Amino acid sequence: MPGADSGGDWRPVADLDTLRRRADLYADIRAFFAARGLLEVDTPALSAAANTDPHIESLVSRSMPGGPRRYLHSSPEFPMKRLLAAGSGDIWQLCKVFRGAEIGRRHNPEFTLLEWYRLGYDHHRLMDEVAELLAELDDSVAAPPTRLGYAEAVADLAGLDAVTADAAQIRQCIADHRVALPEGLGEDRDAWLDLLMASVVAPRFPGDRYTFLHDYPVSQAALARIVPGQPPVAARFEVFRGPLELANGFWELCDAREQRSRFAAECAARAAAGQRALPADERLLAALESGLPDCAGVALGVDRLLMLLAGRDDIREVLAFPHERA
Amino acid sequence: MASYSTNQFKGGLKIMIDGDPCTIAENEFVKPGKGQAFNRVKIRNLISGRVVERTFKSGDTVEAADVMDTEMQYLYSDGEMWHFMDQTSFEQIAAGDAAVSEAKQWLKEEDICQITLWNGEPIAVLPPNFVELKVVETDPGLRGDTAQGGTKPARLETGAVVKVPLFIEEGEVLKCDTRSGEYVSRVK
């Protein structure tokens with residue numbers, strides 16, 4: 001445990017130099033968006049609705065004893081889209097978000113997210129801007145980012161056709177790469193793809209530059225729109241440095257009806273897995289019905305970016321007080 | 001039956017894998033921002049000592065292993081079993097060759113050892129970190145050569161063979177580190 005030798009768990013884990021780097025990073029981020037004319041916004045951390053994604057554990061609070069549940073936001077996406085629908089124009093936000101049961105070398109249950117939205121951008125144009133931001137913040141990278149389609153990356157780095165492979169073939173591919181197989185995934189094709197990505201594909205991304213992975217399987221669209229084609233793909237991207245996942249972006253889904261059916265599918269998946277039922281965000285759906293302008297948005301994990309900038313391998317080393325000392 | 005969720009995984013946790021008691025050596029939480037979370041774990045089998053990798057779907061549960069470490073005094077060996085005594089209850093247990101394993105070459109009567117019990121049965125024995133043992137066999141010492149390099153093997157009363165400086169003679173008592181198997185110093 002980093003910092004364990006510093007004489008008592010009241011002390012910060014991150015050293016002063018890293019805390020200064022964090023302050024500098026925030027200042028650089030503010031300068032970047034100010035120069036580009038995006039509006040900085042502030043949306044609530046406590047919300048009546050939750051993220052229904054079965055793989056996100058929303059933390060629960062109450063605004064008063066005995067009062068109705070309020071959920072700590074796992075990202076500011078829904079209220080930011082309500083602002084966009086209300087005519088805010090391009091917006092950005094730097095905030096703390098919360099995800100339960102995520103603790104490890106690269107996870108802290110409360111972490112700092114940078115999220116921004118660009119009207120009229122698609123995911124490719126937004127990837128350009130993420131690359132510009134990273135070039136501004138990180139002068140350690142000489143090589144330009146690599147851009148890879150999801151299917152291309154899986155074919156090149158794991159030797160598998162991600163479009164046609166069924167769960168058993170993905171499982172076999174993981175086993176062929178000498179990764180221990182878990183039990184309990186069954187025929188959950190997306191879970192097998194997630195394991196393939198985390199244990200075979202991403203570890204083969206170059207460590208000396210950023211990798212932009214784009215055009216995800218439609219089953220992993222999350223909040224991205226689907227681009228028709230052969231095959232159709234989700235207009236989603238992720239940013240990695242080596243295997244470290246840094247950011248996730250979408251050419252946003254603007255269709256209220258499609259969004260409602262994705263929420264319903266998530267709620268059904270939660271019920272099937274025996275997870276707690278959560279209230280979907282009706283105010284977001286109302287905003288989409290009233291009209292979300294065509295836009296792309298991205299969320300970037302600031303603590304992980306700071307890990308890279310400060311050369312740290314454990315997220316606790318960039319946090320003043322990680323979960324264990326909070 | 002007691003069990004642990006992957007959320008409780010951490011180094012040292014004792015769990016059952018394929019019917020054998022194991023200890024978690026390393027636990028890495030792996031999760032894409034959107035998608036299934038996993039725990040990739042390195043596990044040491046407490047009986048065979050082998051380390052294997054396992055992947056768990058996060059949130060799954062694993063049976064707990066009823067394993068505890070306890071301090072006991074080594075009494076004697078009858079050639080087949082090694083006998084230990086709990087110094088508070090005076091209860092005695094006998095450990096077989098597989099449990100005593102590497103430790104047996106360091107076991108001296110009355111020394112306090114750490115015994116790992118699984119369902120009350122000894123599965124592993126750890127000798128004290130430092131032991132003091134008499135040299136029973138080594139080549140004659142070279143007089144005057146007390147400082148400069150060079151080592152030779154010396155057999156100790158418990159059977160262990162350690163490298164010692166050339167000036168060490170039979171009958172001397174040596175302090176040894178059982179973790180590295182190395183000579184530390186002479187005991188006056």
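This is a predicted model: local features need pLDDT of at least 70, side-chain atom pairs count only at pLDDT 80 or more; totals for chains, interfaces and linings use all residues.
## Helix α2 of chain A and its packing

Two residues are in contact here if their C-beta atoms, placed from the backbone, lie within 7 Å. The buried residues of α2(A) pack against two kinds of neighbour: the strands β5 (91-98), β6 (110-119) and β12 (295-301), plus the helix α8 (282-291), each of them in chain A.

How many of the residues of α2 (77-85) in chain A are buried? The count is 7 of 9, so the helix is mostly covered, a residue being buried if 20 or more other C-beta atoms lie within 10 Å of its own. The buried set is made up of A:E77, A:F78, A:P79, A:M80, A:K81, A:L84 and A:A85.

## Chain A as a whole

Zooming out, chain A carries 9 helices and 12 strands. Its radius of gyration is 20 Å, close to the 20 Å that the globule rule gives for 326 residues, so chain A is as compact as a globular protein of that length. Along the principal axes, the C-alpha atoms of chain A fill a box of roughly 55 × 50 × 45 Å.

Of the 326 residues in chain A, 42% are buried. As for contacts between residues at least 6 apart in sequence, 69% of those in chain A join residues at least 24 apart.

## A:R204, out in a loop

Now for a single residue. A:R204 sits in the loop that links α6 (189-201) to β8 (210-216) in chain A. It has 14 other C-beta atoms within 10 Å, so A:R204 counts as partly exposed. Where does A:R204 lie relative to A:P76? The two are 128 residues apart in sequence, and their C-alpha atoms are 31 Å apart in space.

## Where the two chains meet

The contact between the chains takes 24 residues from chain A and 18 from chain B. On the chain B side, β3 (20-30) and β5 (51-57) each bring at least two residues to the face that touches chain A. β5(B) gives the most to that face, with 5 residues. Sorted by class, the chain B side has 7 charged, 6 nonpolar and 5 polar residues.

## The domains of chain B

Chain B splits into domain 1 (3-63), domain 2 (67-126) and domain 3 (130-187). Taken over C-alpha atoms, the centres of domain 2 and domain 3 of chain B are 26 Å apart.

What does each of these two domains put into the contact between them? In chain B, 5 residues of domain 2 are in contact with 6 residues of domain 3. The domain 2 side of that contact has 2 nonpolar, 1 polar and 2 charged residues.

## A five-stranded sheet in chain B

Chain B also has an open sheet of 5 strands, ordered β14-β13-β12-β15-β16, with antiparallel pairing. Its edge strands are β14 (161-165) and β16 (182-187) of chain B, each pairing on one side only. From one strand to the next, the twist averages 55°.

In general, strands of a sheet pair through backbone hydrogen bonds, either parallel or antiparallel. Here, β15 (173-177) of chain B is joined to β16(B) by 5 bridges, and the two run antiparallel.

Conventions:
Residues are numbered from 1 along each chain as its sequence is written. Chains are lettered from A and ligands numbered from 1 in the order in which they are written. Helices (H or I, at least four residues) and strands (E, at least two) are DSSP runs, numbered from the N terminus. The radius of gyration is taken over C-alpha atoms; the globule rule is 2.2 Å times the number of residues to the power 0.38. A residue is buried if 20 or more other C-beta atoms lie within 10 Å of its own, exposed if 12 or fewer, and partly exposed in between; C-beta atoms are placed from the backbone. Ala, Val, Leu, Ile, Met, Phe, Trp, Tyr, Cys and Pro count as nonpolar, Asp, Glu, Lys and Arg as charged, and the others, Gly among them, as polar. Domain bounds come from an automatic or database domain assignment. Two strands pair if DSSP finds at least two bridges between them. Axes are lines fitted to C-alpha atoms, for helices over the stretch in contact, and angles run from 0 to 180 degrees between N-to-C directions.
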